[in-house]
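Here are a few friendly notes to read alongside the model. Keep the 3D view open and look for each pair as you go.

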Amino acid sequence: MKKLVILSGAGISAESGISTFRDSDGLWEKYPVMQVASIEGYEADPELVINFYNERRKQLLDVKPNQGHVLCAELEKYFDVTVVTQNVDNLHERAGSHKIIHLHGELTKVCSSYNPNNPRYIRELKPEEFEVKMGDKAGDGSQLRPFIVWFGEDVPRIGDAACEAEKADIFVIIGTSMNVYPAAGLLNYVSYNADVYLIDPKDVRINTDRKITHIKKGASEGMKELMRLIV
Ligand code: APR
């Protein structure tokens, strides 16, 4: 089976009702990004950050995967698929994708604030636990924090993602402005023998000289067109 790797961003969840970050009315227009999504912001005011992620986590109860996520899962019938996502929502999982690498963490998980990547203290919250409070402790006694990779923190899964990108026969970029590294740099690992597709209703500045087929549509319609092209 050919290997197909998908690099997804906030745009694939837009049609599910989850705001993107940099579109007009995006999340970073409403919130000061360094205050709610950086390690400095968390250290300065952990309660504000914990509550910001409580709101985003609870929103997961009101949204569901859209056709874009569903078709990413359906591609598993025809290809060996790995989804590398910058998204922290669980919509790829709920749509049925099996191999998913979350580069920026997962909203439904919490971890230790002493050592966020210690697997012993990373755990999945049940819906009834979606509201994390100051004073809630991880197994090492530290404050429980969202299992999110904030600006200023390492991206532990980037190595795994780069290995997948190197093996891709087809690389699909969907719903990301390719603004944030190291995620945006994954394209550099993709063989020049691979076919690269971009699904985005807008033009996306990608600094590369390689041929990219731009399907200038939203995620659902764009994934339908991609299926017609590659299946
Ligand atoms: N279908 C597909 N793409 C869409 C849609 C849609 N319906 N609506 C918007 N888009 C595109 C936008 O045109 C844009 O290119 O999705 C992209 C969203 O870009 P960003 O808001 O920058 O989101 P993303 O690229 O995922 O951000 C990367 O930045 O703030 C950090 O950690 C955060 O993971 C995030 C990272």
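1. Which residues are linked in a network of salt bridges? They are Lys-3, Asp-80, Lys-99, Glu-164 and Lys-167. A salt bridge here is a side-chain nitrogen of Lys or Arg within 4 Å of a carboxyl oxygen of Asp or Glu. By this rule, the count comes to 16 salt bridges.

2. A word on the source: this is a predicted model, where local features need pLDDT of at least 70, side-chain atom pairs count only at pLDDT 80 or more, and totals for chains, interfaces and linings use all residues. Residues are numbered from 1 along each chain as its sequence is written, and side-chain values use heavy atoms, with hydrogens and water left out.

3. Now find Asp-23 and Lys-202, whose side chains form a salt bridge at 2.3 Å, N to O. Asp-23 sits in the loop between helix H1 (11-14) and helix H2 (27-30), and Lys-202 in the loop between strand S8 (195-199) and strand S9 (213-215), so the pair ties together parts 179 residues apart in sequence. (Helices, H or I with at least four residues, and strands, E with at least two, are DSSP runs numbered from the N terminus.)

4. How exposed are these two? Asp-23 is partly exposed at 29% relative accessibility, and Lys-202 is partly exposed at 45%. Partly exposed lies between buried (under 20% relative accessible area) and exposed (over 50%), using a 1.4 Å probe and protein chains only.

5. Lastly, visit Glu-129, which is partly exposed at 24%. Glu-129 forms a salt bridge with Arg-123, with the closest N and O atoms 3.5 Å apart, and another with Lys-126, at 3.9 Å.
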